[in-house]
Each structure stands twice: as structure tokens, then as C-alpha cells.
Amino acid sequence: MGAMLVLGIETSCDDTAAAVVEDARTVRSNVIAAQDVHREFGGVVPELASRAHLDLIGPTVERALTDAGVAFRDLDGVAVTRAPGLMGSLLVGVSYAKALAAALGRPVVGVNHIEAHLLAPLLEGAEFVYPMVGAVVSGGHSELFVVERPGRYAIVGTTRDDAIGEAFDKVAKLLGLGFPGGPAIDRLSDQGDATRFSFPRAMLDSGDFDLSFSGLKTAVKRAVAHAAPAGPPYDARLVADVCASFQAAAIDVLVAKLEAAARAHGARALSLGGGVACNRMLREKLKALGARLGVPAFHPSPKLCADNGAMIALVGSHRLARGEQDGADLEPIANLDESGLVDAPARLA
Ligand code: KG4
Ligand code: ZN
């Protein structure tokens, strides 16, 4: 038998993505079509997202095959994000994947998007050691997991309000930095004074591994209103100092909770996934935490942190290798809690 080639399709939010992965290891292509329609609204508009997925999915899949030098008939299976995400967006990917798989006479496999973020470093040669404590941090997620082994996950902490990426995006919007705001805040923080504003580090003493970012967002809003009562546009110095002070506060709390969870659960490795895992300060602090704990720390390169089809193809390849597949009844599931990633009893305290 030759190499196993799996197409991965991702449409859970606002990126239409497709990739071809060989033998659950090698990324042969990885195409991400960002939807520009959401920029002018400063956030993802669900109705526009599913319409854009409809327009983009065909060309994106074709491009992924061309880049990989692979024909449709070479594929051994079609993997697709089935949960969690925006229902209308998931539906486009799942319907397309089912139709394509049926036309090709190949299996379709549904994949959990959060599991894919957690396992993405495997595409870059990471050698996981278990138990591993990992965080999935993005515009819609801030969850801390204990990975007992691939396929066995427990959520140990989650945000009580905003996701961390959402906090980056809202602060960026307030400062007039556009959407998504994480990359701009990351960049501008280099020029800012992180000690100018002492923003709250919420939940540090909560005794659990939960997070909260809405108080931080409110504190930023208040500080900006106080420093510049006339409103926008804001002075560049102020913007840089707010970015640096906000980023330091948000990352401090996340890393402190990762450390607490890692110590409590005897983590032998650390890992990060999701768009916010692109953040340079977070990456540095994760490495430092790994060094302090004496365990390896993994994070994907930026192209595999953000939503992408390669991580979906990876998890789909694992499922296919285990002899699993879905049928024509595969349906999207919007909520993480209902997605079957974590059994209710496995939600560790
Ligand atoms: O995983 P992702 O592409 O999509 C989902 O939200 O599922 O993550 C996007 C999020 C956005 O909130 C964006 O602002 C944030 O990741 N992000 C960053 C950085 N790059 C992207 N946040 C902080 N620093 C970055 N460098
Ligand atoms: Zn994501």
C-alpha cells in the first residue's frame, strides 16, 4: 500500500481551509482562505461566514489538491471539522465533505476542532509525552486540558466569560487597530511600556484553573477613557503602552493557570494551540515554564496555530487508521460540551 493521503476541510468559523496530509505526519499542502468580509464589522458575522464558505470551499479544496500534486482519486479519505463552531459554517464543510467522499467512494470522518488544535504539533515532529497539559486559546476558546493520551482528554479549566482571543480583539477594536486584533497587539507591545498600567490579573487566587477576561477588558476601557478623555484617534504612545500592559496581564494569568494545572496533574509535557498560540510573549513564557518544570513545551508554527485544514486531516488520519469512519448521517455539532470530546465524568476538578 502506498502513502495514506487525507484531505482535511475546516469551516467552523471564519476561515475556509483545506489541506492534504500524508501518513498523518507530512503536510503536503495547507491552504487558508481568510474571509475579509468580517473586517469591516470588527468581528465574525455568522450569516456572512456561511455564505463566504459556500463561495470559497470549492476553490480552496482544489487549490489544496493542486499544491499537494494530488488528484481527487488519490485521496484515501476526507476529514472535516464537525464540532464545535458556528452551525451554518460547520454545515457547509460537513455537507461538502460528505458529498465529495460519496462521489469518490472514500470514507468521510468527522473531526473535533479542539482535538485538532491540541494535536497539531504532531505535524511538526513533536514527540508528546503524557500526561500533557495543553491550552487551546483562540477567538472562541480558552480551555485548559489534561491529555492523558490522544483520544483521552479532560477539561480542567475554562473561561468564565470572554475567550482570551476575544479579549485581544475587543481591546484592539477599542484602540482602532482593526480585526482580528491579536497580531497588532502582539506587534505594538514591543514598543510599549508594560508597567504603565497595572491591569488586574483576575482569578489568580480562585483555587481552580478557570480564567476570566471581561474585567481586564473593562479595566482597559476605563484606563483609555481616563488617559484620553477626548476619545479616538489615540496617541501612538498610549496605544503601545495599553497594548503592552494588557498583553502582559492576559498572558500572565494564562501562564499562571497553565503552571498550576501542570503541577496539579503531574504534567510531563506542555502544549498550546489556537490562534493566540501565535503570540510571541505567550510562546516565550511557555518555553520558560517548561524549563522551570523540566518538561518539553510544544506549540505549532503560526500556520498550524490558526484554524487550518492540516490539523483536521491529522486527526482524521488517526481515526481512519483506527478503522473508524462516519456515514451519510454525519452532522455538525455546535457546542463543545455536546461534541463528545470530553465525557462529562472526565471533567476533572
Ligand atoms: O484559532 P483562530 O484562528 O480562530 C478561532 O478563533 O477559532 O484564532 C483567532 C484568534 C483571534 O482572536 C486573534 O486575534 C488571535 O487568535 N490571535 C492572536 C495572535 N494571532 C492571532 N492573539 C494574540 N497574539 C497573536 N499574535
Ligand atoms: Zn480554532
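Predicted model: local features only at pLDDT ≥ 70, side-chain atom pairs only at ≥ 80, totals over all residues.

Student: Which residues belong to domain 1 and domain 2, by the way?
Tutor: The domain assignment gives 5-119 together with 304-338 as domain 1, and 129-295 as domain 2. The C-alpha centres of domain 1 and domain 2 are 27 Å apart.

Student: And how many residues of each domain are in contact?
Tutor: On the side of domain 1 there are 16 residues, and these are in contact with 21 residues of domain 2.

Student: What area is buried between domain 1 and domain 2?
Tutor: About 1400 Å² is buried between domain 1 and domain 2, and carbon and sulfur atoms give 72% of that area. On the side of domain 1 that touches domain 2, the largest share comes from helix H3 (residues 113-119), which supplies five residues. The residues on that side of domain 1 divide into nine nonpolar, four polar and three charged.

Student: Switching topic, how many helices and strands does the protein have?
Tutor: The protein has ten helices and ten strands, and its C-alpha trace spans about 65 × 45 × 30 Å along the principal axes.

Student: Why does a radius of gyration of 20 Å agree with a compact globule?
Tutor: It agrees because a compact globule of 349 residues would have a radius of gyration near 20 Å, and the protein has 20 Å.

Student: Where is the cis peptide bond with Pro131?
Tutor: That cis peptide bond joins Tyr130 and Pro131, with omega about -5°, and Pro131 is placed in the loop between H3 and strand S6 (132-137). A cis peptide bond also joins Phe179 and Pro180, where omega is about -10°, and Pro180 sits in the loop between helix H4 (164-174) and helix H5 (182-189).

Student: Last one: is phi of Asp23 positive or negative?
Tutor: Phi of Asp23 is near 50°, which is a positive value in a residue other than glycine, and Asp23 lies in the loop between strand S2 (15-22) and strand S3 (26-34).

How values were computed: Residues numbered from 1 in each chain as written. Chains lettered and ligands numbered in written order. Heavy atoms only, no water. Domains from an automatic or database assignment. Contact = heavy atoms within 4.5 Å. Buried area = accessible area lost by both parts, 1.4 Å probe. Helix = DSSP H or I, 4+ residues; strand = E, 2+ residues; numbered from the N terminus. Nonpolar A, V, L, I, M, F, W, Y, C, P; charged D, E, K, R; others polar. Rg over C-alpha atoms; globule rule 2.2 N^0.38 Å.
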